[in-house]
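Hi,

Here's the structure I promised to send over.

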Amino acid sequence: MTKKILPPLVALVVLLALWEVLVRALAVPAFLLPPPSAIAAAFGSDAGLGRALLTTAGAALVGFGLAATLGVLAAIALASSRWVERALYPYTVFLQTVPIVAIAPLLVIWFGPGLRAVAVAALIVAVFPVIANTLAGLRSVDPALRDLFRLYGASRFRTLYKLELPAALPQLVTGLRVASGLAVIGTIVGEFVAGFSDDAGLGIVILSAYRQLKTDVLFAAVVLAALLGLALFAAVDLAGHRLLRRWHPSEKGAP
Amino acid sequence: MATPGAAIGIRARGVRRVFPGAVTALDGVDLDVAPGELVAVLGPSGCGKSTLLRLLAGLDRPDGGTLELEGAAEPGALACVFQDAHLLPWRSVVANVALPLELARVARPERLRRARAAVEEVGLADAALRYPAELSGGMRMRVSLARAVVTRPRLLLLDEPFAALDEITRQRLDDQLRALHADRAMTVVFVTHSIAEAAYLADRALVLSSRPARVVVEHTLDLPRERTSRLRAEARFARELGVLMQGLERSGA
């Protein structure tokens, strides 16, 4: 365990020390690049970072939950027939290519500013990898197992939840891993446009810190956003590991 | 009319199966299997043996000819063992074996009891709670066999089931299959490309020609009902191997 944690920790400490020393030695102005000590101090300041983190985390979780649920349902619908897939799949790709900043104003018009619009922005950014991966999983079920279920007269629905969904689980988990990071990114970007200033999330804090050139607060908010993404990813990863450890080769020998 | 619970007989006349691209897999297959018989279908690889088995299982339909299974065809009357074990990797051994009963909506305590009995029958009682990824190839195949017999099928179809296993494991499974057949009213049809396996296992062997496949040789094995590994070294076993070998050669393999 120490062997895995120690090297990145040493690298981090060295990097931060170097940063601190260089910024002080070269007298870099704090609005350009604050030293790590100033950023650390910003966490304790009255910039409302704690509340902002909670607001953003709530929106990201709702967006991620929606992406997971709707993504799996969409994949099941697309997998139901080749015709449906051919007709609709190209349009799901739109979700991935549409610039979220460009449609965020529309989301505000539709859902009103605040949590709902922000969560929908997170959903739009995060849902595609869930759909694409789950669909690939549903499509790659062993044909012999399909035959087996047919032989025993299993209904469509029972084949779905006793065979296809469990078989697609490894790919589904992969999709959720990617979606977890994207959901946080989508939330921050959504907050830039659709965030409420009286219930400010990290996106709003970043914007106002930028306007006031409080670069130390900006850095602190970015660090918190990154940690939030990491935490969500780790939670999904752990859940996936729990579900797959007894049977899937991807989890063999994992911690 | 077959009585319920009795083994299923097979009667095929002129069965034809053509795949897209005008590939004729089977053409004019005549086949009779009596209820309770243990029949081996021998043939060169790629000759259409698996296609024939899929037709018998009802997983595919013939393009011509007639194919009748005597006896009711309710789910569970028929079971298949494929070339690989094809287990559900997210289920334990006993849950895999219980699957056919679960799909037939047998109540949970009943299906677990029957699944455990089937697992015991193939000698895997100690591994009942393990997962497929934790088993050897031979053990997985035995789980597959247990899953096939758990519904008490009246017709068991096997498609080169033990082909990927080592010689020792394979012989043990051959013995297990014969024991399962002896214990119940069950017709067994299995496909193989191994002459030795066909001779050791079957009461009767059918040799298919190369594609498009027809039955070219039918041979009832002149061997005792009780078969042990000692038989494999006897002269009469070698003589039967010779007969089947000649049949295969004549089939154009």
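In chain A, 77% of the contacts with a separation of 6 or more are between residues 24 or more positions apart; two residues are in contact if their C-beta atoms, placed from the backbone, lie within 7 Å. Before going on: this is a predicted model, where local features need pLDDT of at least 70 and side-chain atom pairs count only at pLDDT 80 or more, while totals for chains, interfaces and linings use all residues. Residues are numbered from 1 along each chain as its sequence is written, and chains are lettered from A and ligands numbered from 1 in the order in which they are written.

Chain A has 10 helices and 0 strands (helices are DSSP runs of H or I with at least four residues, strands are runs of E with at least two, and both are numbered from the N terminus). Its C-alpha trace spans about 75 × 50 × 25 Å along the principal axes. Of its 255 residues, 38% count as buried, meaning that 20 or more other C-beta atoms lie within 10 Å of the residue's own; 12 or fewer makes it exposed, anything in between partly exposed, and the C-beta atoms are placed from the backbone.

Take a look at helix 4 of chain A, residues 82-97. The number of buried residues among its 16 is 1, so this helix lies largely in the open. It reaches 23 Å from its first C-alpha to its last, close to the 22 Å expected (1.5 Å times one less than the number of residues). There is also a bend of about 40° at A:Leu88, with a proline, A:Pro90, following within four residues. The bend is the angle between axes fitted to the seven residues ending at a residue and the seven starting there.

Now for where the chains meet. 16 residues of chain A are in contact with 16 residues of chain B. On the chain A side, helix 7 (143-151) and helix 8 (156-194) each supply at least two residues, and helix 7 gives the most, with 7 residues. By class, that side has 9 nonpolar, 2 polar and 5 charged residues. Here Ala, Val, Leu, Ile, Met, Phe, Trp, Tyr, Cys and Pro count as nonpolar, Asp, Glu, Lys and Arg as charged, and the others, Gly among them, as polar.

On to chain B, which has an open sheet of 6 strands in the order 5-6-7-3-8-9, with mixed pairing. Two strands pair if DSSP finds at least two bridges between them. Strand 5 and strand 9 (215-220) of chain B are the edges, each pairing on one side only. From one strand to the next, the twist averages 15°; axes are lines fitted to C-alpha atoms, for helices over the stretch in contact, and angles run from 0 to 180 degrees between N-to-C directions.

What about strand 3 of chain B (residues 38-42): how many of its residues are buried? 5 of the 5 are, so strand 3 is largely enclosed by the rest of the structure. B:Leu38, B:Ala40 and B:Leu42 point one way from the strand, and B:Val39 and B:Val41 the other way. Strand 3 runs parallel to strand 7 (residues 187-192) of chain B, joined by 5 bridges, and B:Ala40 stands opposite B:Phe190 there. Strand 3 also pairs with strand 8 (residues 204-208) of chain B in the parallel sense, over 4 bridges, with B:Leu42 and B:Val207 as bridge partners. Strand 8 and strand 9 of chain B, on the other hand, are antiparallel, over 5 bridges.

Helix 7 (residues 235-250) of chain B lies across strand 3, strand 8 and strand 9, at about 175° to strand 9. Helix 4 (residues 137-149) of chain B has 10 of its 13 residues buried, so it is largely enclosed by the rest of the structure. Those buried residues, including B:Arg140, B:Arg142 and B:Arg147, pack against strand 5, helix 2, helix 3, strand 6 and helix 5 of chain B.

Finally, chain B has an open sheet of 3 strands, antiparallel, in the order 2-1-4. Strand 1 (residues 9-19) and strand 2 of chain B are joined by 7 bridges, and B:Ile10 stands opposite B:Val33.

Cheers
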